[in-house]
Amino acid sequence: MAEKNIIELRDIFKSYGGQQILQNINLNIKDGEFLTLLGPSGCGKTTLLRLLAGFEKPTSGQIIINGKDAKDLLPQERHVNTVFQSYALFPHMTVFDNVAFGLRCDGVAEEEITRRVTEMLRMVRLSDYERRKPHELSGGQQQRVAIARAVVKEPIVLLLDEPLSSLDYRLRKNMQIELKQLQRKLGIAFVFVTHDQEEALSMSDSIVVLQQGRVVQQGTPRDIYENPKSISVATFIGESNIFDVVIDEANDKTIKVTVQDIQYELENCSQFKSGDKIHLLIRPEDTRVYHRSEIDDISMMFPAMVNEVIYKGTTVDLIIKLPDGKLLSVTEFFDEDNGEDVTYIIGESVWVNWPIGWEVVLPYEA
Amino acid sequence: MSIFHRKITGKMRPIWAFLKRTWMFIMKHKFQYFSVGLITSWLCIFGLLSFLVMVVMSFSEHDPDHIALWHFTLQNYVDLFDPIFFKIFLKSFYIASMVTAVCLLLGYPFAYIISRLPERLQNTALLLLLLPFWTSSIVRTYAMMSLLKTKGLVNTALLAMGLIHEPLQLLFTNTAVGIGLIYNLLPFMILPIYVNLERFDVSLIEAAKDLGAKYTTIFRKVIIPLSIPGIAGGCTLVFLPAMTLFFISDLLGGAKALLLGNLIEDQFLMANNWPRGAATSVLLTVIMAIGLLIYKFKSSNKGINYESVI
């Protein structure tokens with residue numbers, strides 16, 4: 001995979017009628033990577049995509065596509081194509097004509113069009129449907145036509161605007177895998193817009209988290225999940241148990257905090273000082289619960305009561321209640337080797353801890 | 001004691017229960033039944049019923065002393081195979097086609113521009129379009145006469161600009177009839193096309209742009225084909241009246257029977273032959289119905305929804 005930047009966004013601002021939609025966006029998209037723009041609705045991710053596609057112009061800032069300023073490029077010179085949220089298939093054309101549309105616009109010879117379109121339809125497994133009209137296809141098939149129509153133009157970057165949002169759960173899962181495979185096969189960069197964090201985590205090489213028109217964090221899915229840079233990223237991506245605490249003592253290496261009357265010594269990851277307010281974040285799957293009979297030493301554990309048990313097949317999710325009334329989520333995996341008892345009864349007492357070092361400590365945000 | 005308080009017994013009981021249930025149901029959905037019922041009865045009385053009277057009359061015998069004599073005959077239809085009728089029919093067809101074509105050429109860009117305006121301006125534009133139609137079309141046609149006559153506004157203006165040296169004979173020509181028809185019928189072309197374009201999925205235009213289509217291509221390959229239902233609706237709404245708006249041809253075209261509408265008018269009012277007038281009307285309706293059916297059949301094959309237009 002080449003590490004060349006195929007698209008560079010520099011200091012992009014965009015506003016509509018005095019309202020700032022995007023602020024100070026700096027972003028590099030590498031050749032061949034699967035990059036996801038993730039954010040809640042209204043965060044500006046679709047606007048950002050539309051800037052890349054050339055449907056909108058930035059209020060200020062520069063977009064560089066393949067080394068050239070996008071300002072000077074005609075749409076057909078951008079080599080950027082879009083898969084629309086609504087698919088936007090031409091309802092009066094057959095599947096074949098839909099896919100051939102872009103090539104015909106470029107004046108490609110009809111023979112070559114036939115070859116490329118046929119090849120493309122084979123790739124998305126729609127060879128038998130080329131004479132059909134879009135309304136005769138299922139949602140997933142329409143989706144694949146939309147992808148084929150964009151990809152047949154051999155773009156350097158394919159933009160996808162929440163393409164899976166209108167599909168049902170099972171189909172969406174399948175399409176996620178298909179899209180990822182297609183992207184590997186084609187070797188072109190995908191810029192994928194979604195508000196679904198699970199989708200973002202499972203598909204991307206790189207995730208850009210957008211909030212209120214700003215990039216709040218960029219990194220690999222693992223990086224974003226395990227080391228969120230702010231409480232807003234942490235709560236947006238995955239579930240978290242959050243304790244708001246004040247640091248008792250701090251030195252260069254460690255901090256001491258009290259959670260549920262127990263003092264823990266944690267790593268000082270960003271020069272916190274004594275008296276700083278912090279968020280202590282523990283993911284549900286890192287939160288451990290034990291029956292009293294399973295453990296000998298409860299000195300570093302705090303008690304809780306099982307409030308809800310949700311059996312999910314591969315996991316058992318618990319909601320536990322601390323003595324002060326705070327609720328925590330816990331995800332327990334069935335682990336056959338270790339023989340841990342994962343049967344819980346609502347109302348029973350359990351003891352809670354987490355592997356020290358797996359927590360995330362973030363500065364307090366109001 | 002009223003019927004509502006009497007105890008119904010015996011055989012009448014289930015019927016009474018049924019009537020009561022029906023009445024309760026109607027009362028529960030009063031407004032729907034009232035509005036749908038009003039429109040349905042309006043169409044039945046003034047549309048279906050009067051058309052049926054025409055159909056019956058067209059198979060009746062002509063009688064100078066009566067409006068018609070009910071005695072089944074096909075004579076009225078046989079009479080229509082008259083070369084004069086064909087001539088008028090063809091001429092009328094020709095004029096209506098020209099009027100429709102001009103209305104389409106003028107109306108499409110008009111509708112397109114309105115549909116692309118911001119919503120508030122769209123409403124203003126539509127209001128301006130329909131404002132003249134709050135006055136009677138006969139009054140407006142008289143106004144048209146004063147514009148087109150030898151010393152009318154058009155000739156005066158052209159003379160003043162030095163474009164012509166003597167007044168043009170505009171009034172009482174086919175051109176005047178054409179202008180009058182176009183003026184009166186243009187909104188009927190614009191509105192269905194506007195309705196179609198107004199809810200046009202903008203993402204299709206963006207998709208086409210994204211795929212590298214130039215604006216002319218987008219227009220030719222995407223916008224026009226998808227507005228065919230609107231165009232067809234507009235053409236239907238213009239073509240049919242263009243063949244029959246007799247008073248426009250009467251006022252602007254002189255005393256010549258130009259349109260099929262004039263022929264029908266003449267048969268009813270001049271020749272006092274109501275059965276033959278009825279037969280002419282029925283034939284016209286049948287021809288139009290066939291046209292609509294062909295279109296409907298073709299469009300249902302293409303997956304375009306015709307009902308969405310009208």
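Residues are numbered from 1 along each chain as its sequence is written, and chains are lettered from A in the order in which they are written. Because the model is predicted, local features need pLDDT of at least 70 and side-chain atom pairs count only at pLDDT 80 or more, while totals for chains, interfaces and linings use all residues.

**View 1. Helix 8 of chain B covers residues 174-198.** Helices (H or I, at least four residues) and strands (E, at least two) are DSSP runs, numbered from the N terminus.

**View 2. Chain A touches chain B through 20 residues from chain A and 15 residues from chain B.** Two residues are in contact if their C-beta atoms, placed from the backbone, lie within 7 Å. On the side of chain A, helix 2 (75-78), strand 6 (80-83) and helix 3 (95-105) each supply at least two residues, and the largest share, 3 residues, comes from helix 3 of chain A.

**View 3. An open sheet of 5 strands in chain A has the order 15-19-16-17-18, with antiparallel pairing.** Strands pair if DSSP finds at least two bridges between them. Strand 15 (288-290) and strand 18 (327-333) of chain A each have a single partner strand, so one side of each is left without a neighbour in the sheet.

Note on methods
The expected span of a helix is 1.5 Å times one less than its number of residues.
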